[in-house]
Amino acid sequence: MGALRYLWGGLMAVLVAAMPICAQARFIELEQMQRLESDAVAPPEAGAWTDTALPYSTPASPQEQQPKVAWYRSQFDVPGESPVSATWAVCLPYFYQGGQIWVNGKLAGSVPESTAEMRVRWERPQLIPLPPELLRPHGNVLAIRAAAAPTSSVQYFPRVAVGPLADLQPRADRRTFWVRTMPQVTIVVCLLVAGFVVFIYWRRRSEVLYGLFGLATALWGIRTLTFVIERMPVDSWQLWRITYLASTGGFIVVLAIFTLRLAGIRQPGLEKALAAYWIIGPLWLSLAGTGAEPFINHVWSTGLVPIGLSILGVSAWSLLRQRTLAAAVMPLTLVVAVLAGVHDYMMAFAMGPLAHWLPRWTNQRIFLLHYGADAVLLGMGGLLTARFVEALSSLQSANQNLADLNATLELRVAEREQHLAANFERMADLQREHAAVQERQLIMREIHDGLGSRLFTSLLRVERGDMSDQQIAEALRDCIADMRLAFDALAPDGDFQATLGNFLFRWQTQMQEAQIQPTWTIDVPDGGLHLARQPALHLLRIAQEALTNVLKHARAKNVRIELRHRSGLLELEVADDGTGANLLNGTAGRGVDNMRARARQMGAELEVRSGASGTRVMLRMPLLRTPSEALV
């Protein structure tokens with residue numbers, strides 16, 4: 001208790017130092033005045049005036065009793081060093097219900113009072129200039145009419161200061177700053193912060209603490225309006241008091257839920273019970289009317305005290321469990337708020353050590369709870385800001401780790417790309433080498449199976465004397481044709497269109513020399529045909545074998561050769577009007593077998609029909625669509 005007393009005394013000393021009473025100033029502070037309850041419209045001369053120590057408060061009048069007007073009077077002298085011609089003033093730190101100021105029986109000024117239509121409560125200090133012509137050097141009589149307080153309300157009257165306006169003005173300005181300007185700043189900041197934080201919660205519904213903090217800040221900003229709103233229509237008074245009770249109780253309840261959530265305690269049933277208690281007070285007042293407000297305040301508002309103490313207890317428990325600076329913020333700010341609440345309680349009833357130790361401070365009636373609540377809100381905001389900064393730091397650390405991981409992955413990918421590029425290069429070399437080997441094998445096979453075989457056979461027959469000069473010349477011409485066909489089809493830069501043209505030219509000449517009329521029909525896409533060298537060679541070999549059979553065995557007069565594109569297939573048709581020789585036997589039969597073998601190698605179909613009307617050879621092979629496919 002001794003430590004708490006020293007802490008309390010130190011806090012009050014700081015506040016007194018922040019708001020000096022100007023004891024050295026040249027004004028008179030009336031600590032005692034005569035008091036008389038009277039409805040007179042001018043200062044009464046007669047009556048039971050009683051000496052009254054200031055500040056003074058009258059008990060709340062019962063509901064059935066009409067509140068009374070009170071007069072206060074005292075005498076003062078103008079000091080010799082202050083000329084009567086100087087502007088003097090009367091300063092009342094508060095004058096809640098308004099009234100009139102009289103000097104030497106003359107009205108010097110007035111403060112609006114409550115009427116049947118308008119209710120007033122003046123929190124600001126009242127500085128009433130006194131006309132110089134009303135003052136005299138000695139025996140000035142100051143009379144103040146204090147309007148009656150509303151039913152069931154306490155009437156407060158402060159110590160009155162009289163003196164030069166220049167000396168009283170700073171005193172009034174200081175109080176105006178604390179009781180008017182600071183609440184206005186609090187309201188604006190609370191509402192702006194509430195809007196910002198609620199927007200964060202709206203965008204991120206998982207951050208419940210931000211939503212609770214925004215709601216608590218908005219409620220406290222609304223409650224602080226009681227220090228700013230000094231005029232209120234009577235018709236709106238009950239609605240305002242309901243709003244005031246709702247914002248006060250709501251702030252405490254939301255603060256309790258915030259503290260529970262911050263400590264990691266999630267109790268939906270308890271949170272619903274707190275919300276229900278929050279609603280009871282405003283609902284009770286709305287049903288009972290403003291006359292029941294003192295009783296509701298006494299009962300319902302008292303129930304908020306254990307809720308506030310439980311907030312302090314949960315915060316202290318969280319501090320003992322976590323033992324961190326962040327965990328100490330809420331208990332410390334709540335201790336400040338509790339001390340401010342105790343201060344306001346003693347201030348409201350002018351009781352306890354506050355009135356005994358600091359009577360001048362008590363006279364000011366400056367309530368500190370809303371500053372304590374500001375400290376709590378700052379603590380809540382600081383905790384959320386720390387959480388936000390911590391989250392950003394974690395995100396930044398995660399991003400850095402991710403960047404490092406990406407850099408590592410990029411390095412590994414680059415190494416893999418280099419390795420793959422080297423592998424691809426080796427594979428390309430192997431493919432080129434393999435292609436060259438295949439090319440050599442293809443040429444060797446063509447020479448062996450075609451030109452080589454025919455030359456070897458012809459040589460054997462010549463050695464045996466079985467071939468005439470004409471047959472030898474014919475065999476050599478066939479060998480030369482095979483060689484040309486192989487060279488044209490297997491050339492590295494060979495063009496099938498050009499190869500086909502050479503093929504048609506050579507056979508056109510041979511057919512005409514043999515008295516056979518050829519008819520050529522070429523129906524292929526405008527872009528030409530894209531055939532690999534080996535399929536092209538097989539196609540031309542099949543055409544060559546079919547035409548050779550026509551030339552040697554068919555005894556035909558006409559031959560029709562068509563090369564056309566049909567539904568993704570390349571069709572080659574060779575048809576003559578000869579005798580339809582049996583192509584399955586003898587030399588012609590071996591030629592058909594060779595054609596079938598070449599068709600199978602290309603994945604094509606070969607159809608050979610022979611009859612009295614002639615012979616028809618039909619080859620159907622898949623048509624490759626692009627040059628890249630043709631090379632596969």
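Modeller: In this predicted model, Gln126 is in contact with Val90, Cys91, Leu92, Phe95 and Val111, leaving aside its neighbours within four places in sequence. Gln126 itself lies in strand β10.

Colleague: Why is Gln126 called buried?

Modeller: Its relative accessible area is 10%, and buried means under 20%. Gln126 is therefore classed as buried.

Colleague: What makes β6 and β10 a pair of strands?

Modeller: Pairing requires at least two bridges, and 5 bridges join β6 (residues 88-92) to β10, the two running antiparallel. Within this pairing, Ala89 stands opposite Pro129 of β10.

Colleague: Which strands form the open sheet, and in what order?

Modeller: The sheet has 4 strands in the order β1-β13-β6-β10, with antiparallel pairing. Strands β1 (28-30) and β10 (126-130) are its edges, since each pairs on one side only. From one strand to the next, the twist averages 20°. Helix α2 (residues 165-203) packs on the sheet, touching β1, β6, β10 and β13 (160-164), and its direction makes about 135° with that of β13.

Colleague: Why are α4 and α6 described as roughly parallel?

Modeller: Helix α4 (residues 234-262) and helix α6 (residues 293-322) pack at an angle of about 15°, with their axes 9 Å apart. Angles under 35 degrees count as roughly parallel, so α4 and α6 are given that description. Their crossing is left-handed. Among the residues making the contact are Leu245, Gly249 and Ile252 of α4 and Trp300, Leu304 and Ile307 of α6.

Colleague: How many residues of each class does the contact of α4 with α6 have?

Modeller: The contact has 11 nonpolar, 6 polar and 2 charged residues.

Note on methods. Residues numbered from 1 in each chain as written. Predicted model: local features only at pLDDT ≥ 70, side-chain atom pairs only at ≥ 80, totals over all residues. Heavy atoms only, no water. Axes fitted to C-alpha atoms, helices over the stretch in contact; angles between N-to-C directions. Contact = heavy atoms within 4.5 Å. Buried < 20%, exposed > 50% of the residue type's maximum accessible area, 1.4 Å probe, protein only. Parallel < 35°, antiparallel > 145°, perpendicular 65-115°, else oblique. Left-handed = near helix turned anticlockwise from the far one by under 90°. Nonpolar A, V, L, I, M, F, W, Y, C, P; charged D, E, K, R; others polar.
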